[in-house]
Amino acid sequence: MTDTTQTTGPMMAADGTTLKSSLSRALRRQKLRALLLIAPLLLFVLVTFIAPIADMLFRSVENQIVAETLPRTTEALTDWDGDAGEIPPQSTFEALYQDIFVAQERKLHTRLGSRLNYELTGVSSLFRKSGRRVEDMGEVHQDQFEDLDDFWKDSENWNALMGTDRWLAEQNAWDPKGTAAQPAFQPRVEISALLPETAATFEIFADFVQNEDAENLAKEDPWALVYSALYNDLLLEPDMSGYAGPGSAELLEAMGAVGTFETVDYAAAFEDVDEDWHDIEVWQTIQTYSPAFTSGYFLNAVDMKKSPDGPEMRPENQQLYIKLFIRTLIMSLVITGSCILLGYPVGWILANLPARTANLLMILVLLPFWTSLLVRTSAWKVMLQQQGVINDTLVWLGVVADDSRLALINNQTGTIIAMTHILLPFMILPLYSVMKTIPPTYLRAAKSLGATNWTAFWRVYFPQSVPGIGAGSILVFILSIGYYITPELVGGTTGIFISNRIAYHISSSLNWGLAAALGAILLVVVLGLYWAYDRIVGIDNVKLGG
Amino acid sequence: MKLTKTLLASTALTVVAGMTFADGHMANEMTIVSWGGAYSNSQQQAYHNPYSEKTGVKIINDESSAEAVAKLRAMNEAGNVTWDVVDVVAADAIRLCDEGLAMEIDFDEQLAPAPDGTSASDDFGDLLVSDCFIPQIVYSTTFGYRTDMVGDTPPTSVCAVFDTDAYPGKRALEKRPINNMEWALLCDGVAKDEVYDVLETDEGQQQALDKLATIKDDVIWWSAGADTPQLLADGEVVMGSTYNGRLFSVIEEQNQPVAMLWDAQVFDLDGWIIPAGLSDERKARALDYIYFATDTQRLADQAKWISYGPARASSAPLVGQHADLGIDMAPHMPTDPENAKNTFLYNYEFWADYRDDIDAKFQAWLAQ
């Protein structure tokens with residue numbers, strides 16, 4: 001290549017492309033390489049950190065369980081006026097029967113019960129009781145069909161009636177012990193048209209048996225619910241003339257007979273299970289919590305509750321969370337403050353002593369830092385309790401009387417002392433790393449220009465150490481807001497943080513929605529404080545290293 | 001692009017390794033979850049060791065029973081159940097069973113009959129409180145007191161807890177309403193069989209909290225079973241509630257000046273469940289373990305290491321002596337007639353309904 005041919009065109013790289021595109025390609029490759037290098041971390045953080053947090057936060061508003069477990073009931077309740085003072089009509093109770101029947105087969109009714117029990121005490125056992133009894137309600141229909149004709153007793157007959165011939169052949173040929181999957185149920189088209197409710201219910205049943213229970217459909221008798229659906233369908237007297245498939249004669253016979261069948265009064269049957277079913281409040285609660293998303297958990301997290309008339313404060317004797325949020329913030333501030341007071345001189349000494357002594361002192365800072373959190377917390381229990389080392393010493397010195405030993409633990413004092421100790425290294429280390437970079441000559445210069453010790457420190461040294469205080473404070477404050485083990489162990493009842501309630505709701509009460517809402521509020525508070533800190537101190541002033 | 005290839009390969013490897021690890025189950029291992037401490041030790045001695053010896057199955061202990069319901073629910077939602085057998089209290093077992101998180105057991109088919117041929121369901125009798133729950137032990141939550149701090153009149157009634165004049169000093173109570181509310185009402189003059197009727201009402205709940213308020217300043221609230229024995233041993237409290245096995249250990253094994261109060265102690269059960277959704281192979285192994293570990297002799301063996309009564313009627317006569325101390329264990333059991341004169345039955349149903357509500361009030365009351 002000679003330069004004479006290229007005098008007017010754009011600059012070319014060695015391989016003949018323009019220099020510009022060659023450069024951008026190189027940059028792109030570099031970026032890609034950087035991306036690939038961080039890809040494992042990115043993936044790791046996304047999969048193990050961001051996704052679970054997002055999922056957890058989603059739970060704070062998610063409320064699908066009501067509509068999913070009681071689809072027909074919630075549908076029926078959309079037109080019901082809860083304020084009118086009347087319980088829902090018979091049709092709603094029938095929908096409830098169908099929903100609870102399916103739910104108890106899937107074992108979802110107790111979950112729903114626990115969910116609604118957060119809002120109204122007693123719903124939990126209401127659902128559990130009803131789950132046990134719904135089968136009896138449907139058996140009224142089942143028995144009458146079975147008394148009418150033995151045809152209705154057999155699962156084979158049902159399968160022939162409800163499924164297509166092809167599916168039936170496949171199902172009968174299927175070997176339950178073999179490895180092949182059970183042939184999925186296919187509904188017979190004519191029957192679906194004639195008996196829509198029966199077909200729909202049978203499909204739910206077949207799907208449950210085949211997929212959730214993993215049993216052989218050919219061997220399972222239909223649920224009582226299917227008989228109730230058949231009863232309803234036949235009462236409407238569908239036109240059977242065009243149907244000549246399996247069971248047509250029995251269907252015609254049953255259609256003639258259903259008029260004389262004993263009916264089920266679902267409203268009365270549910271009242272029989274528990275009179276609470278005729279309590280308007282139960283229905284209002286189901287209606288209020290029908291939508292797929294709810295603000296209920298968030299309201300609960302700020303001591304409010306959802307009522308038919310909109311949000312309202314909880315009764316005084318149940319208000320807890322706002323108090324805990326405020327306490328958490330105040331105590332974290334106090335802990336941060338005491339860390340600054342204790343850590344600043346230590347950082348200063350570390351930064352100004354000769355390296356040998358400083359290193360020795362540094363080990364004294366780091367040793368507790370490396371010791372297990374639980375060990376240190378338990379050590380404080382031994383130290384601070386009423387028969388503990390500190391109280392014993394004070395009594396021996398005669399500072400306090402033996403019968404009025406100080407209560408240093410199982411209260412706020414205990415939490416503040418133990419957490420200050422545990423978080424102190426997070427203050428000292430950033431302070432040290434900043435102070436280390438402040439040249440001692442500045443102080444000497446200030447003094448030689450006539451400043452007193454205090455002026456030299458306050459006007460010259462201190463402003464330069466502020467970035468260290470900032471970094472330490474942010475670390476300590478944010479860490480302490482989320483602490484829960486130490487407050488749980490030494491905090492008693494007045495020294496616990498909001499995180500203790502979050503942990504309680506996650507592992508003991510299993511109210512994950514409320515825990516998620518409390519966590520979300522805590523997250524927002526921390527981000528808000530971070531923002532405020534950035535506006536006031538400036539996040540650029542934070543230095544974590546030299 | 002050698003670097004990229006290496007990176008990709010190592011990422012892939014990490015993911016694969018992670019997945020194998022998460023899957024976790026080598027051919028001949030099972031994870032058994034329990035409460036830890038002396039209790040797990042008694043199970044290790046009485047069940048795990050003989051079972052491993054007999055079958056060669058390696059047993060991995062996990063001490064997460066306190067959070068078993070939450071963790072099983074999470075595992076179930078993630079579709080990856082890593083536990084094989086779990087030790088839980090009856091209330092948790094009922095909840096797990098109701099939610100379909102525990103497998104239903106056919107007691108007579110899947111458990112060993114008593115040596116005299118009595119079927120398992122008759123042998124366990126009333127203790128079979130749920131279709132999924134195989135009771136192992138009966139325990140009581142009761143009070144222990146410092147013998148050297150109560151003067152000449154050691155307490156005989158649970159109401160001594162509320163009597164700060166006769167028994168000055170701190171008391172340890174569990175940091176939750178269950179049991180405390182019942183004791184408060186009992187000592188406020190409510191008859192034993194009416195406690196839960198009273199506690200159903202707002203006034204009754206307030207009455208219990210008011211009674212507790214009379215000693216609020218004297219209470220250290222505990223949340224782990226080991227707290228009270230430690231507080232008693234340190235002389236921090238004059239009396240405190242905890243599980244009777246923990247008190248036995250403080251009194252007999254550690255020789256502390258502590259005595260046990262058998263009055264209105266709350267009687268409860270602890271036992272095994274098998275998580276729902278195990279593979280056939282793991283399910284078969286879990287059932288095999290359960291069959292072995294809950295037979296008459298094995299349940300009686302556990303009482304050699306801890307003072308909890310075996311849940312089988314046929315095991316009671318076989319309860320012998322403490323494995324190390326050589327003392328008779330029968331008089332230390334909550335089921336011993338002498339101890340069981342005035343027990344209080346815990347109402348699962350009531351607390352399933354009222355727990356959220358009363359807990360909110362209790363915690364707000366504590367924070368005041």
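1. Which residues of chain A does UniProt list for "transmembrane region"? The unreviewed entry gives residues 34-54, 324-346, 358-375, 414-434, 466-485 and 512-533 of chain A. UniProt positions follow the numbering used here, feature names are shortened, and annotations may be inferred rather than shown by experiment.

2. Basis of the note. This is a predicted model, in which local features need pLDDT of at least 70 and side-chain atom pairs count only at pLDDT 80 or more, while totals for chains, interfaces and linings use all residues. Residues are numbered from 1 along each chain as its sequence is written, chains are lettered from A and ligands numbered from 1 in the order in which they are written, and side-chain values use heavy atoms, with hydrogens and water left out.

3. Annotated spans of chain A. Helices (H or I, at least four residues) and strands (E, at least two) are DSSP runs, numbered from the N terminus. Residues 466-485 of chain A are 85% helix and 0% strand, with 31 Å between the end C-alpha atoms. For residues 512-533 of chain A, the end C-alpha atoms lie 31 Å apart, and the span is 100% helix and 0% strand. The unreviewed UniProt entry also assigns "domain: ABC transmembrane type-1" to residues 325-533 of chain A. That span, residues 325-533 of chain A, is 79% helix and 0% strand, and its end C-alpha atoms are 19 Å apart.

4. Overall form of chain A. Chain A contains 25 helices and two strands. Its radius of gyration is 36 Å, well over the 24 Å that the globule rule gives for 546 residues, so chain A is more spread out than a compact globule. The radius is taken over C-alpha atoms, and the rule is 2.2 Å times the number of residues to the power 0.38. The C-alpha trace of chain A spans about 115 × 100 × 50 Å along its principal axes.

5. Of the 546 residues in chain A, 44% are buried (under 20% relative accessible area; exposed is over 50% and partly exposed in between, with a 1.4 Å probe and protein chains only). The accessible surface of chain A is about 27600 Å², with 61% belonging to carbon and sulfur atoms; such areas come from the Shrake-Rupley method with a 1.4 Å probe, and for residues only the protein chains shown count as cover. Among contacts (heavy atoms within 4.5 Å) in chain A between residues at least 6 apart in sequence, 70% join residues at least 24 apart.

6. Overall form of chain B. Chain B has 14 helices and 10 strands. A compact globule of 368 residues would have a radius of gyration near 21 Å, and the 23 Å of chain B agrees with this. The C-alpha trace of chain B spans about 80 × 60 × 40 Å along its principal axes. Buried residues account for 55% of the 368 residues in chain B. Its accessible surface comes to about 14900 Å², of which 50% belongs to carbon and sulfur atoms. Of the contacts in chain B with a separation of 6 or more, 74% involve residues 24 or more positions apart.

7. Strand β8 of chain B. In β8(B) (residues 258-273), 15 of the 16 residues are buried, so the strand is largely enclosed by the rest of the structure. Strands count as paired if DSSP finds at least two bridges between them. Strand β4 (residues 134-146) of chain B runs antiparallel to β8(B) and is joined to it by 11 bridges, with B:P135 opposite B:G271. Strand β10 (residues 344-345) of chain B pairs with β8(B) in the parallel sense over two bridges; here B:F267 has B:L345 as its bridge partner.

8. Strand β3 of chain B. Four bridges join β3(B) (residues 85-89) to β8(B) in the antiparallel sense. B:D87 stands opposite B:W272, and B:V88 has B:G271 as its bridge partner. Strand β1 (residues 29-33) of chain B pairs with β3(B) in the parallel sense over two bridges, where B:V33 is partnered with B:V86. From β3(B), B:V85, B:D87 and B:V89 point one way and B:V86 and B:V88 the other way, and all are buried.

9. Interface. The contact between the chains takes 45 residues from chain B and 43 residues from chain A. Of the area that chain B buries against chain A, B:D98, B:E236 and B:D353 supply 14%, more than any other three residues. Together the two chains bury about 3900 Å², 48% of it on carbon and sulfur atoms; buried area is the accessible area (1.4 Å probe) that two parts lose on being put together, summed over both.
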